[in-house]
Amino acid sequence: MSEPIAAPIDVAIVGLGNMGTPMATRWLEAGYRVHGFDLSEAARERFEAAGGIVHDTADEAIAASAVAILMLPNSAIVNQVLTDAIDSGALSSGTVIIDMSSSEPTESQKNAARLAELDVRFIDAPVSGGVRGAQAGTLTIMVGGDEQQVENQRDLLERLGTVVRVGPVGAGHAVKALNNLLSATHLWMTSEAVLIGERFGVDAETILKAFNGSSGRSGSSEVKWPKFILPGTYDSGFAGRLMLKDAKIATGLAREVGVPTSLGEEVVAVWQKAVDELPAGADHTEIARWLRERE
Ligand code: NAD
(Lines give C-alpha, C1' and ligand atoms only; values in the text may rest on other atoms or scores of the structure.)
Protein backbone atom coordinates (compact mmCIF):
# COMPACT_ATOMS: atom_id res chain seq x y z
CA MET A 1 0.00 0.00 0.00
CA SER A 2 2.11 2.91 -1.22
CA GLU A 3 -0.35 5.21 -3.09
CA PRO A 4 -1.13 8.32 -1.03
CA ILE A 5 -4.77 8.98 -0.15
CA ALA A 6 -6.70 11.24 -2.55
CA ALA A 7 -7.57 13.97 -0.03
CA PRO A 8 -6.41 14.52 3.56
CA ILE A 9 -8.39 12.62 6.22
CA ASP A 10 -8.03 13.42 9.92
CA VAL A 11 -6.83 10.77 12.34
CA ALA A 12 -5.80 11.14 15.99
CA ILE A 13 -3.24 9.19 17.98
CA VAL A 14 -2.64 9.21 21.73
CA GLY A 15 0.70 7.68 22.74
CA LEU A 16 3.68 8.73 20.60
CA GLY A 17 6.32 6.39 22.02
CA ASN A 18 8.53 3.81 20.35
CA MET A 19 5.61 2.48 18.31
CA GLY A 20 3.22 5.43 18.12
CA THR A 21 5.74 7.74 16.45
CA PRO A 22 6.68 5.49 13.50
CA MET A 23 3.00 4.56 13.04
CA ALA A 24 1.98 8.22 12.93
CA THR A 25 4.83 8.91 10.52
CA ARG A 26 3.52 6.31 8.08
CA TRP A 27 0.06 7.92 8.14
CA LEU A 28 1.60 11.35 7.58
CA GLU A 29 3.57 9.99 4.64
CA ALA A 30 0.36 8.53 3.19
CA GLY A 31 -1.31 11.95 3.30
CA TYR A 32 -3.38 11.67 6.50
CA ARG A 33 -3.66 14.76 8.72
CA VAL A 34 -2.51 13.33 12.06
CA HIS A 35 -3.47 14.88 15.40
CA GLY A 36 -1.49 13.64 18.38
CA PHE A 37 -0.83 13.85 22.08
CA ASP A 38 1.68 12.30 24.46
CA LEU A 39 2.52 13.14 28.07
CA SER A 40 6.18 13.36 27.07
CA GLU A 41 7.31 16.70 25.67
CA ALA A 42 10.15 15.04 23.74
CA ALA A 43 7.62 12.73 22.05
CA ARG A 44 5.36 15.67 21.16
CA GLU A 45 8.30 17.55 19.64
CA ARG A 46 9.38 14.52 17.60
CA PHE A 47 5.84 14.11 16.28
CA GLU A 48 5.57 17.79 15.37
CA ALA A 49 8.92 17.65 13.54
CA ALA A 50 7.52 14.72 11.51
CA GLY A 51 4.58 16.90 10.41
CA GLY A 52 1.97 15.97 13.05
CA ILE A 53 -0.46 18.41 14.70
CA VAL A 54 0.25 18.49 18.44
CA HIS A 55 -2.63 19.05 20.88
CA ASP A 56 -2.44 20.11 24.54
CA THR A 57 -4.44 17.14 25.83
CA ALA A 58 -5.53 13.68 24.70
CA ASP A 59 -9.15 14.91 24.73
CA GLU A 60 -8.36 17.69 22.27
CA ALA A 61 -6.57 15.31 19.90
CA ILE A 62 -9.44 12.81 20.07
CA ALA A 63 -12.04 15.52 19.50
CA ALA A 64 -10.22 16.65 16.33
CA SER A 65 -10.94 13.46 14.43
CA ALA A 66 -13.63 10.85 13.79
CA VAL A 67 -11.02 8.08 14.26
CA ALA A 68 -8.70 7.95 17.27
CA ILE A 69 -5.87 5.47 17.75
CA LEU A 70 -4.54 4.60 21.21
CA MET A 71 -0.93 3.33 21.43
CA LEU A 72 -0.43 3.33 25.18
CA PRO A 73 1.49 1.17 27.68
CA ASN A 74 -1.39 -0.78 29.25
CA SER A 75 -5.13 -1.14 29.88
CA ALA A 76 -5.14 1.00 33.03
CA ILE A 77 -3.87 3.97 31.00
CA VAL A 78 -6.16 3.22 28.05
CA ASN A 79 -9.14 3.11 30.42
CA GLN A 80 -8.18 6.43 32.02
CA VAL A 81 -7.76 8.16 28.64
CA LEU A 82 -11.17 6.87 27.54
CA THR A 83 -12.83 7.86 30.82
CA ASP A 84 -11.40 11.38 30.47
CA ALA A 85 -12.59 11.54 26.84
CA ILE A 86 -16.09 10.46 27.85
CA ASP A 87 -16.25 12.93 30.77
CA SER A 88 -14.95 15.85 28.70
CA GLY A 89 -17.36 15.25 25.84
CA ALA A 90 -14.48 14.68 23.38
CA LEU A 91 -16.29 11.72 21.83
CA SER A 92 -19.11 12.34 19.42
CA SER A 93 -21.62 9.90 17.98
CA GLY A 94 -19.97 7.80 15.27
CA THR A 95 -16.38 8.27 16.53
CA VAL A 96 -14.22 5.16 16.15
CA ILE A 97 -11.64 4.28 18.81
CA ILE A 98 -8.95 1.82 17.72
CA ASP A 99 -6.90 0.51 20.64
CA MET A 100 -3.62 -0.66 19.07
CA SER A 101 -1.91 -0.98 22.47
CA SER A 102 -1.39 -4.49 23.83
CA SER A 103 -4.29 -4.30 26.28
CA GLU A 104 -6.35 -6.78 28.32
CA PRO A 105 -9.08 -8.47 26.26
CA THR A 106 -11.74 -8.28 28.97
CA GLU A 107 -11.04 -4.58 29.54
CA SER A 108 -11.47 -4.06 25.80
CA GLN A 109 -14.85 -5.77 25.89
CA LYS A 110 -15.87 -3.44 28.75
CA ASN A 111 -14.60 -0.40 26.85
CA ALA A 112 -16.54 -1.42 23.76
CA ALA A 113 -19.71 -1.76 25.84
CA ARG A 114 -19.42 1.61 27.61
CA LEU A 115 -18.54 3.40 24.36
CA ALA A 116 -21.44 1.78 22.51
CA GLU A 117 -23.81 3.58 24.90
CA LEU A 118 -22.50 6.84 23.38
CA ASP A 119 -22.73 5.44 19.84
CA VAL A 120 -18.92 5.30 19.74
CA ARG A 121 -17.34 2.24 18.09
CA PHE A 122 -14.38 0.32 19.51
CA ILE A 123 -11.91 -1.89 17.65
CA ASP A 124 -8.90 -3.66 19.18
CA ALA A 125 -5.97 -3.84 16.79
CA PRO A 126 -2.71 -4.70 18.57
CA VAL A 127 0.38 -5.32 16.50
CA SER A 128 3.41 -7.54 16.22
CA GLY A 129 6.63 -6.75 14.36
CA GLY A 130 8.29 -4.20 16.61
CA VAL A 131 9.61 -0.72 15.92
CA ARG A 132 11.23 -1.81 12.65
CA GLY A 133 7.95 -3.33 11.49
CA ALA A 134 6.16 -0.08 12.32
CA GLN A 135 8.73 1.94 10.35
CA ALA A 136 8.58 -0.40 7.35
CA GLY A 137 4.81 -0.97 7.37
CA THR A 138 5.27 -4.72 7.88
CA LEU A 139 3.42 -5.19 11.17
CA THR A 140 0.91 -7.96 11.68
CA ILE A 141 -2.26 -6.33 13.01
CA MET A 142 -4.52 -8.65 15.02
CA VAL A 143 -7.93 -7.09 14.81
CA GLY A 144 -11.01 -7.69 16.94
CA GLY A 145 -14.29 -6.00 16.17
CA ASP A 146 -17.34 -5.74 14.00
CA GLU A 147 -16.48 -6.84 10.44
CA GLN A 148 -17.87 -3.73 8.73
CA GLN A 149 -16.21 -1.39 11.24
CA VAL A 150 -12.88 -3.09 10.60
CA GLU A 151 -13.45 -2.88 6.85
CA ASN A 152 -14.06 0.88 7.17
CA GLN A 153 -10.59 1.32 8.72
CA ARG A 154 -8.75 -0.96 6.32
CA ASP A 155 -6.74 1.76 4.52
CA LEU A 156 -5.53 3.29 7.77
CA LEU A 157 -4.56 -0.10 9.21
CA GLU A 158 -2.97 -1.46 6.03
CA ARG A 159 -0.58 1.51 5.93
CA LEU A 160 1.06 -0.26 8.87
CA GLY A 161 1.06 -3.85 7.68
CA THR A 162 -1.15 -6.90 7.25
CA VAL A 163 -4.59 -7.00 8.81
CA VAL A 164 -5.65 -10.32 10.34
CA ARG A 165 -9.21 -10.07 11.67
CA VAL A 166 -9.31 -12.67 14.43
CA GLY A 167 -12.84 -12.23 15.80
CA PRO A 168 -15.11 -9.93 17.81
CA VAL A 169 -13.94 -7.16 20.16
CA GLY A 170 -11.25 -8.42 22.56
CA ALA A 171 -10.10 -11.24 20.28
CA GLY A 172 -7.25 -9.16 18.88
CA HIS A 173 -5.94 -8.40 22.36
CA ALA A 174 -6.31 -12.05 23.39
CA VAL A 175 -4.35 -13.37 20.40
CA LYS A 176 -1.69 -10.67 20.78
CA ALA A 177 -1.09 -11.59 24.44
CA LEU A 178 -0.88 -15.28 23.54
CA ASN A 179 1.61 -14.47 20.78
CA ASN A 180 3.80 -12.65 23.26
CA LEU A 181 3.59 -15.46 25.79
CA LEU A 182 5.08 -17.64 23.04
CA SER A 183 7.64 -14.96 22.17
CA ALA A 184 8.69 -14.54 25.83
CA THR A 185 9.05 -18.32 26.15
CA HIS A 186 11.08 -18.59 22.95
CA LEU A 187 13.43 -15.75 23.87
CA TRP A 188 14.07 -17.11 27.34
CA MET A 189 14.64 -20.68 26.21
CA THR A 190 16.72 -19.72 23.14
CA SER A 191 18.93 -17.58 25.38
CA GLU A 192 19.43 -20.43 27.85
CA ALA A 193 20.09 -22.91 25.01
CA VAL A 194 22.74 -20.62 23.47
CA LEU A 195 24.37 -20.19 26.86
CA ILE A 196 24.47 -23.94 27.47
CA GLY A 197 25.96 -24.55 23.99
CA GLU A 198 28.57 -21.84 24.53
CA ARG A 199 29.63 -23.27 27.88
CA PHE A 200 30.08 -26.58 26.07
CA GLY A 201 32.45 -24.83 23.65
CA VAL A 202 30.35 -23.93 20.59
CA ASP A 203 30.15 -20.24 19.62
CA ALA A 204 26.80 -18.45 19.62
CA GLU A 205 26.70 -17.70 15.88
CA THR A 206 27.26 -21.37 15.01
CA ILE A 207 24.58 -22.47 17.45
CA LEU A 208 22.07 -20.01 15.95
CA LYS A 209 22.94 -21.04 12.40
CA ALA A 210 22.14 -24.63 13.34
CA PHE A 211 18.90 -23.70 15.16
CA ASN A 212 17.75 -21.55 12.26
CA GLY A 213 18.00 -24.47 9.88
CA SER A 214 16.27 -26.74 12.37
CA SER A 215 13.08 -27.23 14.32
CA GLY A 216 14.18 -25.11 17.29
CA ARG A 217 14.05 -21.87 15.32
CA SER A 218 11.74 -18.97 16.18
CA GLY A 219 11.52 -15.19 15.89
CA SER A 220 13.98 -15.11 18.78
CA SER A 221 16.64 -17.21 17.01
CA GLU A 222 16.00 -15.73 13.56
CA VAL A 223 15.59 -12.04 14.41
CA LYS A 224 16.12 -11.03 18.04
CA TRP A 225 19.38 -12.84 18.70
CA PRO A 226 21.13 -11.86 15.42
CA LYS A 227 19.84 -8.26 15.35
CA PHE A 228 19.89 -7.14 18.97
CA ILE A 229 21.78 -9.64 21.16
CA LEU A 230 24.82 -10.84 19.18
CA PRO A 231 25.83 -7.22 18.28
CA GLY A 232 25.33 -6.28 21.96
CA THR A 233 23.02 -3.34 21.17
CA TYR A 234 19.88 -4.58 23.00
CA ASP A 235 17.88 -1.90 21.19
CA SER A 236 14.75 -3.58 19.79
CA GLY A 237 12.63 -0.75 21.26
CA PHE A 238 10.33 -3.14 23.17
CA ALA A 239 10.74 -2.91 26.93
CA GLY A 240 11.03 -5.98 29.17
CA ARG A 241 8.24 -4.69 31.41
CA LEU A 242 5.88 -4.59 28.40
CA MET A 243 6.73 -8.18 27.47
CA LEU A 244 6.06 -9.24 31.07
CA LYS A 245 2.73 -7.39 31.01
CA ASP A 246 1.69 -9.31 27.89
CA ALA A 247 2.73 -12.69 29.31
CA LYS A 248 0.66 -11.90 32.43
CA ILE A 249 -2.36 -11.00 30.30
CA ALA A 250 -2.04 -14.36 28.55
CA THR A 251 -1.81 -16.40 31.77
CA GLY A 252 -4.69 -14.38 33.23
CA LEU A 253 -6.72 -15.30 30.18
CA ALA A 254 -5.75 -18.95 30.63
CA ARG A 255 -7.07 -18.90 34.20
CA GLU A 256 -10.22 -17.14 33.07
CA VAL A 257 -11.07 -19.77 30.46
CA GLY A 258 -9.89 -22.64 32.69
CA VAL A 259 -6.88 -23.88 30.73
CA PRO A 260 -3.96 -24.83 33.01
CA THR A 261 -0.63 -23.48 31.78
CA SER A 262 2.12 -24.43 34.19
CA LEU A 263 4.82 -23.51 31.67
CA GLY A 264 3.14 -20.14 31.01
CA GLU A 265 3.05 -19.40 34.77
CA GLU A 266 6.72 -20.33 35.04
CA VAL A 267 7.58 -18.03 32.12
CA VAL A 268 5.83 -15.17 33.92
CA ALA A 269 7.73 -15.97 37.16
CA VAL A 270 11.19 -16.03 35.54
CA TRP A 271 10.53 -12.89 33.48
CA GLN A 272 9.24 -11.14 36.62
CA LYS A 273 12.53 -11.82 38.41
CA ALA A 274 14.62 -10.60 35.46
CA VAL A 275 12.51 -7.45 34.92
CA ASP A 276 12.67 -6.65 38.66
CA GLU A 277 16.47 -6.86 38.60
CA LEU A 278 17.07 -5.07 35.30
CA PRO A 279 16.95 -1.23 35.07
CA ALA A 280 13.37 0.13 34.73
CA GLY A 281 13.48 0.90 31.00
CA ALA A 282 15.53 -2.15 29.95
CA ASP A 283 14.86 -3.59 26.51
CA HIS A 284 13.32 -7.07 26.59
CA THR A 285 16.34 -8.51 24.74
CA GLU A 286 18.46 -7.66 27.81
CA ILE A 287 17.23 -10.85 29.44
CA ALA A 288 19.90 -12.66 27.36
CA ARG A 289 22.61 -10.58 29.06
CA TRP A 290 20.91 -10.98 32.45
CA LEU A 291 20.90 -14.77 32.04
CA ARG A 292 24.59 -14.75 31.13
CA GLU A 293 25.48 -12.68 34.19
CA ARG A 294 23.05 -14.14 36.72
CA GLU A 295 25.42 -16.56 38.49
P1 NAD B 1 6.43 3.42 24.92
O2 NAD B 1 6.59 3.37 26.40
O3 NAD B 1 7.64 3.70 24.07
O4 NAD B 1 5.31 4.50 24.52
C5 NAD B 1 4.15 4.73 25.25
C6 NAD B 1 3.89 6.23 25.22
O7 NAD B 1 2.66 6.50 25.88
C8 NAD B 1 4.97 7.05 25.93
O9 NAD B 1 5.52 7.99 25.02
C10 NAD B 1 4.23 7.71 27.09
O11 NAD B 1 4.70 9.01 27.39
C12 NAD B 1 2.82 7.74 26.55
N13 NAD B 1 1.78 7.86 27.58
C14 NAD B 1 1.69 7.19 28.75
N15 NAD B 1 0.56 7.56 29.40
C16 NAD B 1 -0.06 8.50 28.61
C17 NAD B 1 -1.25 9.25 28.74
N18 NAD B 1 -2.05 9.14 29.81
N19 NAD B 1 -1.57 10.11 27.75
C20 NAD B 1 -0.77 10.25 26.66
N21 NAD B 1 0.38 9.56 26.49
C22 NAD B 1 0.73 8.70 27.46
O23 NAD B 1 5.74 2.05 24.50
P24 NAD B 1 5.71 1.39 23.04
O25 NAD B 1 6.88 0.47 22.94
O26 NAD B 1 5.45 2.42 22.02
O27 NAD B 1 4.42 0.46 23.23
C28 NAD B 1 3.09 0.98 23.14
C29 NAD B 1 2.13 -0.20 23.17
O30 NAD B 1 2.41 -1.05 22.05
C31 NAD B 1 2.25 -1.08 24.42
O32 NAD B 1 0.99 -1.54 24.79
C33 NAD B 1 3.16 -2.22 23.95
O34 NAD B 1 2.96 -3.39 24.71
C35 NAD B 1 2.72 -2.36 22.51
N36 NAD B 1 3.72 -2.91 21.57
C37 NAD B 1 5.03 -2.48 21.58
C38 NAD B 1 5.92 -3.00 20.64
C39 NAD B 1 7.37 -2.56 20.57
O40 NAD B 1 8.16 -3.21 19.87
N41 NAD B 1 7.77 -1.50 21.24
C42 NAD B 1 5.50 -3.97 19.73
C43 NAD B 1 4.16 -4.37 19.72
C44 NAD B 1 3.28 -3.84 20.65
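A: Fine. This is a predicted model. Glu 107 lies in helix H5.

Q: Is Glu 107 buried or exposed?
A: Glu 107 counts as buried because its relative accessibility is 18%, and the cut-off for buried is under 20%.

Q: What does the side chain of Glu 107 make a polar contact with?
A: With the side chain of Asn 79, at 2.8 Å.

Q: And which residues does Glu 107 touch, leaving out those up to four places away in sequence?
A: Ser 75 and Asn 79.

Q: Changing topic. How is the protein divided into domains?
A: Domain 1 covers 10–167 and domain 2 covers 174–294. Their centres, taken over C-alpha atoms, are 27 Å apart.

Q: How many residues are in contact between domain 1 and domain 2?
A: 15 residues of domain 1 contact 14 residues of domain 2.

Q: How much area do domain 1 and domain 2 bury between them?
A: About 1100 Å², with 61% of it on carbon and sulfur atoms. On the domain 1 side, Ser 102, Pro 105 and Arg 132 supply 39% of the area buried against domain 2, more than any other three residues.

Q: How many salt bridges are there across that interface?
A: Zero by the rule used. There are four residue pairs in polar contact between domain 1 and domain 2, both residues at pLDDT 80 or more.

Q: Which helices and strands supply at least two residues each of the domain 1 side?
A: Helix H5 (105–116), strand E7 (127–128) and helix H6 (130–136). By class, the side of domain 1 that touches domain 2 has seven nonpolar, six polar and two charged residues.

Conventions. Residues numbered from 1 in each chain as written. Predicted model: local features only at pLDDT ≥ 70, side-chain atom pairs only at ≥ 80, totals over all residues. Heavy atoms only, no water. Domains from an automatic or database assignment. Contact = heavy atoms within 4.5 Å. Buried area = accessible area lost by both parts, 1.4 Å probe. Salt bridge = Lys/Arg side-chain N within 4 Å of Asp/Glu carboxyl O. Polar contact = N/O pair within 3.5 Å; in protein donor to acceptor, adjacent residues only side chain to side chain. Helix = DSSP H or I, 4+ residues; strand = E, 2+ residues; numbered from the N terminus. Nonpolar A, V, L, I, M, F, W, Y, C, P; charged D, E, K, R; others polar. Buried < 20%, exposed > 50% of the residue type's maximum accessible area, 1.4 Å probe, protein only.
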